[in-house]
Structures are given as structure tokens and as C-alpha cells.
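Please read the numbered points below with the model in view.

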Amino acid sequence: MTGVGTEDDIPPGERKTVTDFCYLLDKSKQLFNGLRDLPQYGHKQWQSYFGRTFDVYTKLWKFQQQHRQVLDNRYGLKRWQIGEVASKIGQLYYHYYLRTSETSYLNEAFSFYSAIRQRSYYYQVNKEDRPELVVKKLRYYARYIVVCLLLNKMDLVKVLVKELSEEIEDYTQRFNTEDQLEWNLVLQEVAAFVEADPVMVLNDDNAVVIMSNRLQEGIVPQLEQGMVVGQLTLADALIIGNCNNQVKFSELTIDMFRMLQALEREPVNLAAQMTKPGTLEPSEKPAKRENPHKYLLYKPTFSQLYTFLSASFKELPANSVLLVYLSATGVFPTGRSDYEGPYDFGGVLTNTNRDVVNGEAVQKRNQALKEMHCLHPGDLFPFTRKPLFIIVDSSNSTAYKNFSNLFGQPVVCLLSPTVYPKSMQDQTQRGSLFTLFLYSPLMAFLSVCGLSSLRQSLWDKAQDLLRKASRDIGQALVRCRSIDQAFLQFYGDEFLRLLIIRFVFCSATLRLHKLFRESRSFPESYPQLPKQDTVESSLLQKHVLELAAMLDVQDLFYDSTLDTY
């Protein structure tokens, strides 16, 4: 306890205030540190613990607000300590978002992180000769940037990156630390992440307009009367990123970042959530959003991936779908086999760093053995006992063409091209074209046409045309008599409906594009879609050519497919 007078001089009431504050502070730290011991998978185990942690932090935050003067005088409460509490609350909301996928919690995290900066809680840290306090400030900036990226606040991200750069420079000049390279890498990663989008939308003042690609009203074609589709709901998604050399920030590759947004609804407006201007209260129950629950796995080992898969499978509710998104480097088979089964085509890479595997040396000597650090199509067969929707974005995605539906439950695999034209191969570091089509079909279309910027007025017109095309694709899918029923089973869910429609649009676009001539450059699916009624339908081709004409890039496309097939 610090302060001006000795402890005996402190009135009993004020001494109790300091004692109660110390108790709440210690309790909050203890609970917060315990969060990292909770299992990362499973929906139920962590909720009561998170609830208790929220309760203590809410009490602590209100307590320091009500007794600020006493705590200043008798405890010596510093502004950075208040900032540390606010930062921990921001982290709690962010982790609650990660575990629930409810985007409104991102807004709550943003409001606390924003207040720390606006109220300069960490301002005095630079005057103290304590490098560990400066590191707290730098970590706060990094966390704030992640939340801003997820909320598409790109203008603010650029400001924060500039401030973080100045803070890092000051930190490394004042303290002879070993983590200078580490912090400079953080700056490089976030700068590359911000620049990853291949297309800028510009308003009349030539300012960049940030477009959200989360699910919004009017984007998904509605179910029409008479459409017979399944009643399944997307409940869980595993988003896995293991691509070598892809732009990443905070264990989130650009492909993972795009796919997680494609599986979320637009967050509720922050301004609508703040009841009184200038107040900052932890909100225990932000508005409920109906998003599928997600696990984000960056470079998982096979063991980790299978553990999360099993947990999702186990807890999947009735009439629900599990989605597995794999953005990973391809692993190709090393030996030849007389029998071609689900472990003979390779698959996608799993991480080897944290797996201690006996017999790996034996595997390298014996070419007949299968690749160990790889998710093979056969590894997913046990999970087809429940509805399973798989997206594979990889140089060996076609391994998953050889899938089997063993249990009669709906199964669909959407598979990326395995080869891209040479002129587009250098773009892979900034994210896959296939995932870009699933995230923002118009941005992907512009990218494939070599357009790096577009006026907002033309973007809006192109989006209208795309909405019309999406509606027609949806109608064609539902009316097609030869389509596999699995597609229709999944069509009832808005997220899956949009992914299927965007997949068809991507396939149709690349089939008409003059640079994409190899069959390996076209997406594929299991089960196969009837091409004449979907990806090669004359109506859809007409929409693709209309969009190309609107953007003045029609020369890049065949206006008739008669002489190309």
C-alpha cells in the first residue's frame, strides 16, 4: 500500500476500500491467468469460468471508477494500471468472440481498446524505466490492431500501425532488448496484411472505401415459394490455415481471415450499443447473432486438427452441419499403389513442429508407407456420419475428388483449382484466388481481370448485376433434376447457399476466361455438379460476359464457348 500518510493515518473506510480493491485485483488476475488452462475446444466447459471472470472484472472496473480519488491517494493507482484492467476486459471480449463467433463481442472489445487510446491510459509508461511496462503497451497495440482488422476499420489500422512503429522505435532505442526483430516482424506482417486486398474501391474524392464482406441483408438469394431444400443449419466450422509463405498476422492467414468473415453476419452498429456517450461499462449480454461457431487453427498438427474435429463432431446438434475449410499446402503421394484408396492420393499438409513421431525415419526409407503429416481424404471419412461440408483450397485439392459417402448423410466437397496461369501465380502470397471468390466474388472477378481499382458507383452497379446472377444460379441449382441431393440439403442454410452459389460463379468465370485453359485451372466438386445446367449454362455465361462488358474487360473472355470445347 502506498500513499502520503502512514497506514495508521488512513481512515478505516478508506483502508477497507484499498483492501477490497487489492482483493478484486488479485482475484481478477488469478481468474484471467486460469483462462489459458481451459480446453480450447468444446462449447460447455469454459462458459461458467468465463462468466465468473467477467463478473469479477465488471466489479473491479466499477469499483475503481467509484473510488478513484481514494485509490489515487492511498493506493497510488496509476493510469497505466487502469489501462491494464481495460485491456484485460478487451481481451476477454475478444476471446469470447473467438469462442462464440458472435461479432457483437468484437465491438465490445473495440470500445475498451479505443478508450485506452482516447484516455491515454498508457501515456506515462514511456517515462518509467521499466521495459516490461512498455511491452504491455506494445502488446495492447497489436491486440487493438487485430480487432480493428476484424471490424474492417482499415483507416484506423493504418494510424495504429504508425503509432506502434514509433513506439517500437522509442522502445528499442531506450532499452537494449533482444525482441527488436520480433516487433519489427509484427509491423511487417500487419503492413502486408493491410495491403493484401488486390482491389481498391474509390469514391469521388479518390479516397479508399472499405467494403464489408460479411453476410448482409440482400446479399443472399432468398428461398422462393416451391423450392424444396433441406432444413440443415451450419452450426460449426473449422477454419484451418497451413499455407507456406502466405500473408499472416497474429496466427491468422489472409485466407483464414477471409473465410471467417464469409461465415459471419455483419456486426451490430457500435454506436447503437453505447447507451450513454463517454460511458464505458462491461456489457454482459451483447445482442445475440446467429453465426456458426468457429475454430481457427493456424498450422495445426494432425493430432490437434483431429482433436478439434472430434470435439466439433461430438457436440454437433441435430439437423446441423459441420464445415471444414482447409487452406493448406498440398502433399502428394510418394509411391505407387495397385489399389487406389482414400490414402493413395495424398492430401493437405499438417504441421510437424509439435508432433513427436516415432518411425518418421522408417517412413522416409519405405516408399510404400503413406505420408504421416497430412490430412488424407480417408481421415475425414469417420466424420461423414453427420452432414459434412468441405472446402479445400490447395495445390492437391483434387485428392478429395476421390471421396466416398459411406453413411448416406449429405457430403459436399468444393475444391480449388490446382494450377493457375503463370501471370497469377505471384499473387498467391496475398491469398488464394479461389478463397477470394468465396469471400468477395466481385473483388476476385476484378483481380482475375487485372483491375486494381474501381469507382464506387461502378462497383455498386456491378454488385447489382452479381446479385441478379446469384439469384439465377440459385434457381438453376434448385430446378436442376440431375443435381445430387446433397447440394439441395445444404442449400437451406444461408451461409452454405452463398458459398455454393459463389463456387458456381467462380467456376463459370474461370471457364470463360482466356487465360484459364487447363482443366486443372477449374474448380471441381464432389459430388460433381451437372455442368450444362450450372457452371456452363448459357444464362450464367451471359451474366459473366455482361459483367465483363460493364467493366470493359470483355476481351479477356470467350464470348462463345462453341469453339473452345
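This is a predicted model: local features need pLDDT of at least 70, side-chain atom pairs count only at pLDDT 80 or more; totals for chains, interfaces and linings use all residues.

1. Which residue stands opposite Cys374 in strand 8? The residue facing Cys374 is Leu349. Strand 7, which covers residues 347–349, pairs with strand 8 in the antiparallel sense, and 2 bridges join the two strands.

2. These strands belong to an open sheet of 3 strands, arranged in the order 6-7-8 with antiparallel pairing. Strand 6 (330–331) and strand 8 stand at the edges and have a single partner strand each, so one side of each is left without a neighbour in the sheet.

3. A search of the whole structure finds 33 aromatic pairs. Tyr140 and Tyr141 form a tilted pair, with 5.4 Å from centre to centre and 55° between the planes. Tyr140 and Tyr141 are both buried.

4. Tyr306 and Phe383 form an edge-to-face pair, with 5.3 Å from centre to centre and an angle of 75° between the planes. Tyr306 lies in helix 11 (residues 302–315), whereas Phe383 lies in the loop between strand 8 (374–375) and strand 9 (388–393), so the pair ties together parts that are 77 residues apart in sequence. Phe383, at 6% relative accessibility, counts as buried.

5. One aromatic cluster is formed by Trp46, Phe50, Phe54, Trp61, Tyr93, Tyr96, Tyr105 and Phe112.

6. The charged end of Lys153 sits over the ring of Phe110, at 4.6 Å from the ring centre. In the case of Lys386, the charged end sits over the ring of Phe313, 4.5 Å from its centre.

7. The largest pocket has a volume of about 1,800 Å³. This pocket is lined by 50 residues, of which Tyr94, His95, Leu98, Ser250 and Glu251 are the closest to its centre. Two or more lining residues come from each of helix 1 (12–34), helix 4 (79–100), helix 6 (131–150), helix 8 (180–194), strand 4 (293–298) and helix 11. Helix 6 gives the most to this lining, with 9 residues.

8. What is the make-up, by class, of the lining of the largest pocket? The lining of the largest pocket has 25 nonpolar, 9 polar and 16 charged residues.

9. Over the whole structure, 1 cavity of 30 Å³ or more is found. The largest cavity has a volume of about 40 Å³. Its lining consists of Tyr97, Leu98, Ser101, Glu264, Lys294 and Leu296. By class, these residues are 3 nonpolar, 1 polar and 2 charged.

10. Helix 4 and strand 4 each supply at least two residues to the lining of the largest cavity. Helix 4 and strand 4 are also among the elements that give two or more residues to the lining of the largest pocket. Leu98 is one of the residues closest to the centre of the largest pocket, and Leu98 also lines the largest cavity.

Methods:
Residues are numbered from 1 along each chain as its sequence is written. Side-chain values use heavy atoms; hydrogens and water are left out. Rings of Phe, Tyr and Trp (its six-membered ring) pair if their centres lie within 6.5 Å; planes under 30 degrees apart count as stacked, over 60 as edge-to-face and the rest as tilted. Buried means under 20% relative accessible area, exposed over 50%, partly exposed in between (1.4 Å probe, protein chains only). Helices (H or I, at least four residues) and strands (E, at least two) are DSSP runs, numbered from the N terminus. A charge sits over a ring if NZ of Lys or CZ of Arg is within 6 Å of the ring centre and within 35 degrees of the ring normal. On a 1 Å grid over the protein atoms alone, a cavity is a set of points where a 1.4 Å probe fits but cannot get out, and a pocket is an open set with protein on both sides within 12 Å along at least five of seven lines; lining residues have an atom within 4 Å of a point. Grid points are joined across faces, edges and corners, and a volume is the space filled by probe spheres set on the points. Ala, Val, Leu, Ile, Met, Phe, Trp, Tyr, Cys and Pro count as nonpolar, Asp, Glu, Lys and Arg as charged, and the others, Gly among them, as polar. Two strands pair if DSSP finds at least two bridges between them.
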